[in-house]
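Subject: Structure for your files

Hello,

Here is the structure you asked about, followed by notes on what was found in it. Please read them with the model open.

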Amino acid sequence: MDPVRNPYAPGAGQRPPELAGRGRELDVFDIVLERIARGRPERSLMLTGLRGVGKTVLLNTLRSQAINRLWGSGKIEARPEQSLRRPVAAALHMAVRELAPRHRAPDRIDTFLGVLKAFAQRSAPTGRAGAAPKLRDRWQPGIDVPAASGRADSGDIEIDLVELFSDAAAVASDVGTGIAIFIDEMQDLGPEDVSALCAACHELSQLGAPLIVVGAGLPHLPAVLSAAKSYSERLFRYQRIDRLDRIAADQALCAPAEREEVEYEQKALDLLYEKSGGYPYFVQAYGKATWDHAPRSPITAADVRVAAPEAEAELAVGFFGSRFERATPAEREYMRAMATMSVVEGESGAVVRDDMDAAVPTAEIARALGRKPASLSPARDALIKKGLIYSGERGTVAFTVPHFGRYLRTQPA
């Protein structure tokens with residue numbers, strides 16, 4: 001097969017040639033946009049799921065839907081230890097610039113930009129009186145108007161964000177449209193920023209203001225939001241993004257291949273689904289390797305078997321290995337214990353069940369390592385902070401990366 005014509009795209013956040021299995025999410029967001037355009041109350045949206053299920057791709061696609069409806073939009077990626085002020089100011093600046101040419105009162109835009117500049121420049125109070133703000137908190141936005149005074153500049157992120165979002169929504173309302181802010185890796189926001197974001201969304205929903213937040217994060221994102229504000233469980237519309245079912249996975253492979261006049265045998269599709277588990281990133285990785293190794297159409301199961309080691313080697317380095325290398329020896333020991341506990345063996349010693357993505361009780365991990373649970377807390381907390389595991393329920397942990405347990409069992413101790 002001609003590798004130049006290979007249609008598959010296994011990349012971080014890279015849109016696949018066929019966005020299969022996400023029609024429901026796209027339809028729901030269309031309804032949200034339309035309801036807000038008609039002045040109907042709607043909730044902001046939160047997408048949750050493991051790594052590799054296509055949350056970032058879906059987030060970008062939802063943003064395209066908003067842009068197509070002439071909404072103002074901006075996107076940020078949350079990072080640990082980074083204040084929300086700088087990125088959210090940049091995102092709102094971009095969103096309002098998209099709306100400005102349609103606004104009849106330029107002075108109104110300048111007034112908002114003054115508030116935005118004040119918000120961006122106002123660093124949160126530090127723990128030491130008179131301490132200078134960090135360099136990232138002294139960021140100067142590229143806004144030509146002077147900073148406003150007395151609005152979104154209190155230094156309390158919760159007060160300031162509510163005021164900033166309310167003013168941005170008023171600008172959007174002036175031109176008969178809305179603003180959507182998209183936040184990727186939302187679980188990495190600090191507790192104060194999460195609390196402020198919830199408060200702002202709560203205020204906007206009560207006012208029926210045309211500004212929504214669309215967040216994407218790991219499966220424990222709802223717990224992060226709930227810990228910040230108890231009402232967050234009712235504040236957002238949650239959508240769990242999971243692996244593709246068999247029909248959608250076949251569509252993701254076959255639709256782009258058909259456009260290149262290439263077909264798959266049924267047994268090849270059976271084997272590809274078994275290898276990929278339906279996870280979109282893996283579907284693309286195995287599809288790409290199989291295409292490059294197949295001599296001709298139709299693609300057969302034998303072609304998949306020949307190509308699978310190459311796909312697995314690439315995943316081992318780029319998808320699994322890069323994450324494994326970030327862990328310390330103690331953290332790797334913890335993860336290996338998790339990986340061995342997901343396997344169930346029969347009487348003969350053969351594996352009869354491999355729940356590689358299932359949650360594991362932390363008490364069982366401690367017992368397997370012969371340690372007290374408290375002594376393993378530093379390793380567990382560090383792994384959660386690094387985004388390698390998450391705690392969806394109290395007393396349990398699971399890998400954020402699909403098939404990570406299987407990968408760990410192939411690595412030397």
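Is Glu185 buried or exposed? Glu185 is buried, with a relative accessible area of 17%, which falls below the 20% limit used for that term. Please bear in mind throughout that this is a predicted model.

Glu185 is worth a look for its backbone as well. The residue has a positive phi of about 55° although it is not a glycine. Most residues other than glycine have a negative phi. You will find Glu185 in the loop that runs between strand E3 (179–184) and H6.

The chain as a whole

The protein chain contains 16 helices and 10 strands. Its radius of gyration is 24 Å, close to the 22 Å that the globule rule gives for 413 residues, so the chain is as compact as a globular protein of that length.

Of the 413 residues in the protein chain, 49% are buried. The accessible surface comes to about 19500 Å², and carbon and sulfur atoms account for 49% of that surface. Among contacts between residues at least 6 apart in sequence, 77% join residues at least 24 apart. As for charge, the chain has 53 positive and 54 negative charges, and their mean positions are 4 Å apart.

Helix H6

Just after the helix, Gly208 takes a positive phi of about 70°.

H11 (280–293) has 14 residues and spans 20 Å between its end C-alpha atoms, close to the 20 Å expected. Of those 14 residues, 10 are buried, so the helix is largely enclosed by the rest of the structure. Among the buried ones are Phe282, Val283, Tyr286 and Trp291, as well as Pro280 and Gln284. What covers them includes helix H9 (246–259), helix H10 (266–276) and H12.

What kind of peptide bond joins Ser297 and Pro298? The bond is cis, with omega about 0°. Most peptide bonds are trans. Pro298 sits in the loop between H11 and helix H12 (301–324).

His403 has a positive phi of about 65° although it is not a glycine. The residue is in the loop between strand E10 (396–399) and helix H16 (404–408). At 8% relative accessibility, His403 counts as buried.

Three further residues

Asp174 lies in helix H5 (residues 157–174) and is partly exposed, with a relative accessible area of 39%. Leaving aside neighbours within four places in sequence, Asp174 is in contact with His103 and Arg108. Asp174 and Ala374 are 200 residues apart in sequence, and their C-alpha atoms are 56 Å apart in space.

Glu233 belongs to helix H8 (residues 232–235) and is exposed, at 53% relative accessible area. Not counting residues up to four places away in sequence, Glu233 touches Ser226 and Tyr238. From Glu233 to Pro222 the separation is 11 residues in sequence and 7.3 Å in space, C-alpha to C-alpha.

Ala382 is in helix H15 (residues 377–385). With a relative accessible area of 21%, Ala382 is partly exposed. Ala382 and Lys267 are 115 residues apart in sequence and 43 Å apart in space, C-alpha to C-alpha.

Regards

Terms used
Residues numbered from 1 in each chain as written. Predicted model: local features only at pLDDT ≥ 70, side-chain atom pairs only at ≥ 80, totals over all residues. Heavy atoms only, no water. Helix = DSSP H or I, 4+ residues; strand = E, 2+ residues; numbered from the N terminus. Rg over C-alpha atoms; globule rule 2.2 N^0.38 Å. Buried < 20%, exposed > 50% of the residue type's maximum accessible area, 1.4 Å probe, protein only. Contact = heavy atoms within 4.5 Å. Areas by Shrake-Rupley, 256 points an atom, 1.4 Å probe, with all protein chains shown as cover. Lys, Arg positive; Asp, Glu negative; His and termini not counted. Charge placed at Lys NZ, Arg CZ, Asp CG, Glu CD. Expected span 1.5 Å × (residues − 1).
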